Amino acid sequence: MRRRQFLSAVPAALMAADNSERIVRNVVFGSCLDTHEHPMLDTTLKLERDLFVFMGDNVYADKGGIPMMKEKYALLKNSRFFRGLQNKPILATWDDHDFGLNDGGADYPHKREAQKEFWDWLDEPTNSPKRKQEGVYQSVSFGPKGSRLQVLLLDTRYFRSSLKKVTKDKAMLGGVYVPTEDPNATMLGATQWQWLESVLKEPADLRLIISSIQFSPEAHGGECWANMPHEQKRLLDLLKGSQAVVLSGDRHWCEFSHNGIYDFTSSSMTQKHPRGTPTANRFRCFPKTYHLPNVGHLNIDWAAKTLTSRIIGEDGTTKLEQTLPFSALEVMPKGA
Ligand SMILES: [Fe+2]
């Protein structure tokens, strides 16, 4: 009992503390955990880390309603992996399987209950404003001026309009979704856009945009920002001039892309991609992809002003790696 109290108290205390002196140099980011006992998870705990980011599909709980979701979160919370993460800050957003509906969006009827389970998992205090807010988006900044990192966790589910689909015979390799021209279709919803505009006014030397679904790749039939080109453009316009990158998950394989902004996709921590081959992506900026269990690792060298992004496999070795100067991370609006 004592141990449990200790474990649940630490992350909330860490996140409530003033983070302005906490310099983040190593960020570990992962997605799509369909089990909480896996060699990849043990490897992850050995990586150098100042912060861990869950990018969605943190549990798979879209088939048994809220009782099943509670059960899955309890398993994760009591796992060796989650306990092992407790000594450093943890941030999270969700994707469809922990939102509660495969490919789900704004019309999912149990989203409020799912949000309560999400915050319960993370021990968010009962009086926290995040529990009153609709959607799990949030921004957290770390470090003093000169090494200030802003982490913006987006909610790509709670407000998302339904997606435009084609029939299976017309589908692309990644699925049945296609880009819409409907200007009213939204990825983030008006309230979250307004919030994003305001938090982007806060100064930061580097911004990490956490999006459960991919931002930069071309449309591939699966869920991605390219299915709403006007929303994609809106985010790039908002970020123009900032030094920022996107971290994304969802796909069950990894790739690095650049389309106005770098997007480092790491997925899945515990599952092998059954097809083993990527979808087409003219914005892929690193020649290799990786399709076995993995986690992402960012190393920020604040003195040299460089960012190294890596995909790490189950054996702890690097599978994809790219080092970029901060100057290359300046976001360019689409078409520029
Ligand atoms: Fe997934």
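Which residues have the most contacts inside the largest nonpolar core? Select Phe54, Phe118, Trp121, Leu196, Trp225 and Leu235: they hold that position in a core of 58 residues. A nonpolar core here is a set of buried Ala, Val, Leu, Ile, Met, Phe, Trp, Tyr and Cys residues joined through side-chain atoms within 4.5 Å. Buried means under 20% relative accessible area, exposed over 50% and partly exposed in between, with a 1.4 Å probe and protein chains only.

Quick ground rules: this is a predicted model, where local features need pLDDT of at least 70 and side-chain atom pairs count only at pLDDT 80 or more, while totals for chains, interfaces and linings use all residues. Residues are numbered from 1 along each chain as its sequence is written, and side-chain values use heavy atoms, leaving out hydrogens and water.

Stay on Trp225. Leaving aside neighbours within four places in sequence, its contacts (heavy atoms within 4.5 Å) include Leu154, Met187, Trp193, Ile213, Phe215 and Leu235. Then hop to a second, separate core of 32 residues, with Leu51, Phe264, Leu298 and Leu329 among them.

Next, the rings. Phe, Tyr and Trp rings (the six-membered one for Trp) pair if their centres lie within 6.5 Å; planes under 30 degrees apart count as stacked, over 60 as edge-to-face and the rest as tilted. That rule gives 20 aromatic pairs.

- Tyr158 and Phe159: a tilted pair, 5.0 Å centre to centre with 55° between the planes. Both residues are buried.
- Tyr262 and Phe264: a stacked pair at 6.0 Å and 15°. Tyr262 is buried at 13% relative accessibility, and Phe264 is buried at 0%.
- Lys111: find it over the face of Tyr158, 4.3 Å from the ring centre. "Over" requires NZ of Lys or CZ of Arg within 6 Å of the ring centre and within 35 degrees of the ring normal.

Last stop: the iron ion. Which protein donors does the iron ion have? Cys32 (SG), Asp57 (OD), Tyr60 (OH) and His252 (NE2), lying 2.1 to 2.6 Å away. Donors are N, O and S atoms within 2.8 Å of the metal (3.2 Å for Na, K and Ca); water is not among the atoms, so sites may look incomplete. Along the chain, the spacing reads C-x24-D-x2-Y-x191-H. Check accessibility too: Cys32 is buried at 0%, and Tyr60 is buried at 15%.
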